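Colleague: Could you walk me through this model? I have a few quick questions.

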Amino acid sequence: MPAKKEQTISFEAAIARLDEIVKSLERGQAPLDEALKLFEEGTRLLADSGKQLDEAEQKVVRLMKGTDGAPVEMPFDEEG
């Protein structure tokens, strides 16, 4: 039997789903089995979202290469 391939959702969709899960768990009205399933789903979404952020950061670093081709870290300008 082939392994079940996990479907990747967008970062924004994962964050929205995480928000729903947190709110549901905070209400405390889900039965234990359902709460555990929600928690497991949340931890998977969190891991996937972290991985997506890491990949995005690596892309940004590649785009910010110096004149010698080496990545240049630039300060984040919060004001624009």
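Colleague: What share of the residues in the chain is buried?

Modeller: Bear in mind that this is a predicted model; in it, buried residues make up 11% of the 80 residues in the chain.

Colleague: And how many helices and strands are there?

Modeller: The chain has two helices and zero strands.

Colleague: How do α1 and α2 pack, angle and distance?

Modeller: The angle between α1 and α2 is about 150°, and their axes lie 9 Å apart. Because angles over 145 degrees count as roughly antiparallel, α1 is described as roughly antiparallel to α2.

Colleague: Left-handed or right-handed crossing?

Modeller: The crossing of α1 and α2 is left-handed. On the α1 side the contact is made by residues including Phe-11, Ile-15, Arg-17 and Ser-24, and on the α2 side by residues including Ala-35, Phe-39, Glu-41 and Gln-52.

Colleague: What does that contact look like by class?

Modeller: The contact of α1 with α2 has 12 nonpolar residues, along with four polar and two charged ones.

Colleague: Switching to the core, which residues make up the largest nonpolar one?

Modeller: That core has five residues in all, namely Ala-14, Leu-18, Ile-21, Leu-38 and Leu-45. As general background, nonpolar side chains tend to be buried together in soluble globular proteins.

Colleague: Take Ala-14, then: why does it count as buried?

Modeller: Ala-14, which is found in helix α1, has a relative accessibility of 3%, and buried means under 20%, so Ala-14 counts as buried. Leaving aside neighbours within four places in sequence, Ala-14 is in contact with Ile-9, Leu-45 and Ser-49.

Colleague: How far apart are the C-alpha atoms of Ala-14 and Leu-45?

Modeller: They are separated by 5.9 Å, although Ala-14 and Leu-45 are 31 residues apart along the chain.

Colleague: You mentioned Ser-49 too; what is Ser-49 in contact with, leaving aside its neighbours within four places in sequence?

Modeller: Ser-49 is in contact with Phe-11, Ala-14, Ile-15 and Leu-18. Ser-49 is found in helix α2, and with a relative accessible area of 4% it is buried.

Colleague: And Leu-18, what does that touch beyond four places away in sequence?

Modeller: On that count, Leu-18 touches Gly-42, Leu-45, Leu-46 and Ser-49.

Colleague: Which residues is Leu-25 in contact with, leaving aside neighbours within four places in sequence?

Modeller: Leu-25 is in contact with Ala-35, Leu-38 and Phe-39. For Leu-25 and Leu-38, which are 13 residues apart along the chain, the C-alpha atoms are separated by 7.8 Å.

Terms used
Residues numbered from 1 in each chain as written. Predicted model: local features only at pLDDT ≥ 70, side-chain atom pairs only at ≥ 80, totals over all residues. Heavy atoms only, no water. Core = buried A, V, L, I, M, F, W, Y, C linked by side-chain atoms within 4.5 Å. Buried < 20%, exposed > 50% of the residue type's maximum accessible area, 1.4 Å probe, protein only. Contact = heavy atoms within 4.5 Å. Axes fitted to C-alpha atoms, helices over the stretch in contact; angles between N-to-C directions. Helix = DSSP H or I, 4+ residues; strand = E, 2+ residues; numbered from the N terminus. Parallel < 35°, antiparallel > 145°, perpendicular 65-115°, else oblique. Left-handed = near helix turned anticlockwise from the far one by under 90°. Nonpolar A, V, L, I, M, F, W, Y, C, P; charged D, E, K, R; others polar.
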